[in-house]
Amino acid sequence: MRRLGTGIGWRPEIADAVEEMPGIEWVEAVSENLCPGHLPDSLLRLRERGVTVVPHGVSLGLGGADRPDAGRLAALAERAEVLGSPLVTEHIAFVRAGGALTASPSLEAGHLLPVPRTRDALDVLCENVRVAQAALPVPLAVENIAALVSWPDEELTEGQFLYELADRTGVRLLIDVANLHTNHVNRGEDPAEALAGLPLEAIAYVHVAGGFERDGVWHDSHAHPVARPVLDILTDLASRVAPPGVLLERDENFPSGDELRGEVEAIRVAVEKGRAAATGTGAAAPTSRTGTDAGSGADDAVRQRLGLAQAALLSALVAGTPVPEGFDRVRLGVQARALAGKRADVVGKVAPELPVILGARYRPAFLAYAQDRPMTGGYRRDALDFVAHVLRTAPGDEGPGVRRELREWWLERSGPVPRSARPGARLARATRRVLLRR
C-alpha cells in the first residue's frame, strides 16, 4: 500500500490553514462536494505542490440492500481520475432504504447508519464492494462507522466482520479510531479486541476525529477536539502495525490554524509512541492483499430480507413508525433526534436564507416538521418541502412579512428555471396575484 503520511481533511472553511500547515503530505476531500470541472483553487495549488488528494465518498451506501448506483460510482471514479488519486474511500454503511426491492417508499437517512453484522448483510456487502471495485479505476478502501444503536441478533464481532470482508474481496480498510471509541462507549465494544481482530495488512489509512459525551452517549461530531482515549487507541493501533497514512477529520466548529496544527502534532506523537512500543516486537507491516474467496454472492431473497430490516429501522428513525423488535427504544430516540438535528443544520446551510427569514423559529419549526416527514430527495428538496409545509400548516403568527418572504423564496426555487427578474414579468406576476385574490 502506498505510503501517505500525515494528512488532514480538506474543507473550504480551513483551506487557507491547510495550505499553510507544515508537514501535511496529503488531504482528503468529500467526493460529493467536488465538481471535477471546477476544482477549488486551493486543491489545485496543493496538487501542484505534490500533495496527494483522496476523494472520500459519503453517499454510495455500500451496506444497503440495493446494488450500488452506477451513476454514483461513475462520479466517484471521475473524481479519482481528475485528482490523480491513488485510491478512493467510502463507508461500511447504509444511507437509504425502501423502494422497489421492498415495495415501500424510498427513504433517505442523510447519515451513515450501521449495517447488521450478520451473514446476510456480509454477503450483500461483499457483492456490493466487488461491483464498486470493478467500476473504479483505483483501489477502494472502506471505513468502519460510529453507531449509536446496535442491531439485535448479530452473528459477528466488528473484527470478524471486517476480516471476512477484506478476506473475501481484497478491499482495503480505512480504520477510524474515533469510531472504535464511539462503539466502545455506546455499544460496550472493547477497541483493543476490535484491533486484535482486524486484518492489519489491509489497512489503507487511519481517521482520527473529535466528539463529545452526553448522558452516557458518545457523539462522533467531528466538531470537537480529539479526545485522549481516541489518541490512546491510535497509539495501540500503531504499536501493532505501521499505518500507511493518518488523517485528522474536522467538519464543523473549525478552530484556529494553531489549534489544528496542535491536533495534527498530537496525532504524530501518538503514532510515534506506538511505533516506539513496537520496536523489536515484530509488529506487522502493511502488505498488499487480494481476495481469497469470491463467495457465491447475495441472491434477491437475501437482499430483500436485508432491505426490509433496514427500511423498518430507517422508517422508525425518520418517519415516526414503531421501533422494530429488539432495538433499544431510548437509543433509537437519541439517534432520531440526532438525524433531525443534522437535517436542520444541513438544510440551513443549503438554504441559508431560511434561518434568516424565520430567525429563532427556524430550528424548532424544522424539528417539528422532521418528526414524521422523512427526506426523500436530498437536502435541496427537503428545504422546499419544509417551506411548503410551513406555508400550508403554520397558523400565521410569524407575520405576513415572513410568509411573503417564504412564499417568494419557494416560488423562486420550485420551478424548472428561476423566475424572471424583468420588470414586465414582475408586473405580470403581481397582477396575477391580485386577480387570483379576487
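**Exercise 1. Find the element that gives the most residues to the lining of the second largest pocket, then describe that pocket.**

Solution. Start with β5, which gives the most to this lining, with six residues. Strands here are DSSP runs (E, at least two residues), as helices are (H or I, at least four), numbered from the N terminus. A quick word on the ground rules: this is a predicted model, where local features need pLDDT of at least 70, side-chain atom pairs count only at pLDDT 80 or more, and totals for chains, interfaces and linings use all residues. Residues are numbered from 1 along each chain as its sequence is written, and side-chain values use heavy atoms, with hydrogens and water left out.

The lining runs to 24 residues, and D66, R67, R96, A97 and G98 lie nearest the pocket's centre. Two or more residues come from each of β5 (94-99), β6 (104-113) and α10 (300-318).

Now the size: about 300 Å³ of space, a volume being the space filled by probe spheres set on grid points joined across faces, edges and corners. Finally, sort the lining by class: nine nonpolar, nine polar and six charged residues. Nonpolar covers Ala, Val, Leu, Ile, Met, Phe, Trp, Tyr, Cys and Pro, charged covers Asp, Glu, Lys and Arg, and the others, Gly among them, are polar.

**Exercise 2. Work out which residues line the largest cavity, and where they come from.**

Solution. First count: the whole structure holds two cavities of 30 Å³ or more. The largest cavity has about 140 Å³ of space. Around it sit I92, P114, V115, R117, N144, I145, E158, F161, L162, N183 and R187. Go by element and you get α5 (158-169) and α6 (177-187) as those giving two or more residues, with the largest share, three, coming from α5. By class, that's six nonpolar, two polar and three charged.

Then do the second largest cavity, at about 30 Å³. Its lining is A178, A209, G210, G211, W218, D220, A227 and V230, or five nonpolar, two polar and one charged.

**Exercise 3. Decide whether A103 and H222 are buried or exposed.**

Solution. Begin with the backbone: neither is a glycine, yet A103 has a positive phi of about 50° and H222 one of about 55°. A103 is in the loop between β5 and β6, and H222 is in the loop between β11 (217-219) and α8 (228-240).

Last, check accessibility (buried is under 20% relative accessible area, exposed over 50%, partly exposed in between, with a 1.4 Å probe and protein chains only). A103 is exposed because its relative accessibility is 75%. H222 has 10%, so H222 is buried.

**Exercise 4. Describe how α11 and α14 cross, and what makes their contact.**

Solution. Take the axes of α11 (329-350) and α14 (378-393): they come within 9 Å and cross at roughly 90°. So α11 is roughly perpendicular to α14. The axes are lines fitted to C-alpha atoms, for helices over the stretch in contact, with angles from 0 to 180 degrees between N-to-C directions; 65 to 115 degrees counts as roughly perpendicular, under 35 as roughly parallel, over 145 as roughly antiparallel and the rest as oblique.

For the contact (heavy atoms within 4.5 Å), α11 brings K342, R343, V346, V347 and V350, and α14 brings Y379, R380, D382 and A383. By class, the tally is five nonpolar, no polar and four charged.

Note on methods. 1 Å grid on protein atoms, 1.4 Å probe; cavity = no way out; pocket = protein on both sides within 12 Å on 5 of 7 lines; lining within 4 Å.
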